[in-house]
Amino acid sequence: YAGYSVDYILTQKSMGLTYRSMYFFSDNDGGAAFYAGPFVGFRQVTYEVDPTAYSYNFLDDPSWSRRETGSTTMFPIGMRMGFRSPLDGYSGDIYVGFGFIAGGADPIKAPYLEDKDRLSRTFLQAGYTVGIGW
C-alpha cells in the first residue's frame, strides 16, 4: 500500500438469518423434484484487522497502520434452484443459487486490505444437503 509492505491478521465474524421459499414444478412423491424460489435474509458482519508488520520510513507517520474494528448489517437477496428427493426417511437436496448484498458498507476503512478480504456485493452458492424426514 502506497509503497509500504503490510502484513495483517483479519478476523471475520458473522451471524444471520435467512428465509427461503421453494416452489416445486412437479410432485416430489415419485422421485426428485425440481424447485426454484427466492431467499432474503440479514447478516451482521464484524471485521477486525490488526497490522502485524509493515515497512516504513521512520520519518513517516504510518497512522493508517492501527488496529481497526467495525461492523455492518447487510441483506442478502437472491434466487435458489435445485432438485430434492422425496421425504421418505431420507432427503437429499442439490442446489445452486445466486444473489447480491443490499445495504451495508465496508465495516473498516483499512486501505491496505487486499480485494479478496473485502466484502463482495454478489455471490454464487452451490451445495448438497442431506436430511431426514417423513
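I took a salt bridge to be a side-chain nitrogen of Lys or Arg within 4 Å of a carboxyl oxygen of Asp or Glu. The model is predicted, so I kept local features at pLDDT of at least 70 and side-chain atom pairs at pLDDT 80 or more, while totals for chains, interfaces and linings use all residues. Residues are numbered from 1 along each chain as its sequence is written, and side-chain values use heavy atoms, with hydrogens and water left out.

**Salt bridges**

I counted 4 salt bridges by this rule. In one of them, glutamate 48 meets arginine 67 at 2.3 Å, N to O. Glutamate 48 is in strand β3 and arginine 67 in the loop between β3 and β4, so the pair ties together parts 19 residues apart in sequence. I numbered strands (E, at least two residues) from the N terminus as DSSP runs.

I then looked up accessibility (buried is under 20% relative accessible area, exposed over 50%, partly exposed in between; 1.4 Å probe, protein chains only). Glutamate 48 is partly exposed at 27%, and arginine 67 is exposed at 53%.

Arginine 80 pairs with aspartate 93, with the closest N and O atoms 3.4 Å apart. This pair links strand β4 to strand β5 (residues 91-102), 13 residues apart. Arginine 80 is buried at 10%, and aspartate 93 is buried at 6%.

I also found arginine 118 and aspartate 106 in a salt bridge at 3.8 Å, N to O. Arginine 118 is partly exposed at 24%, as is aspartate 106 at 32%.

Technical notes
Helices (H or I, at least four residues) and strands (E, at least two) are DSSP runs, numbered from the N terminus.
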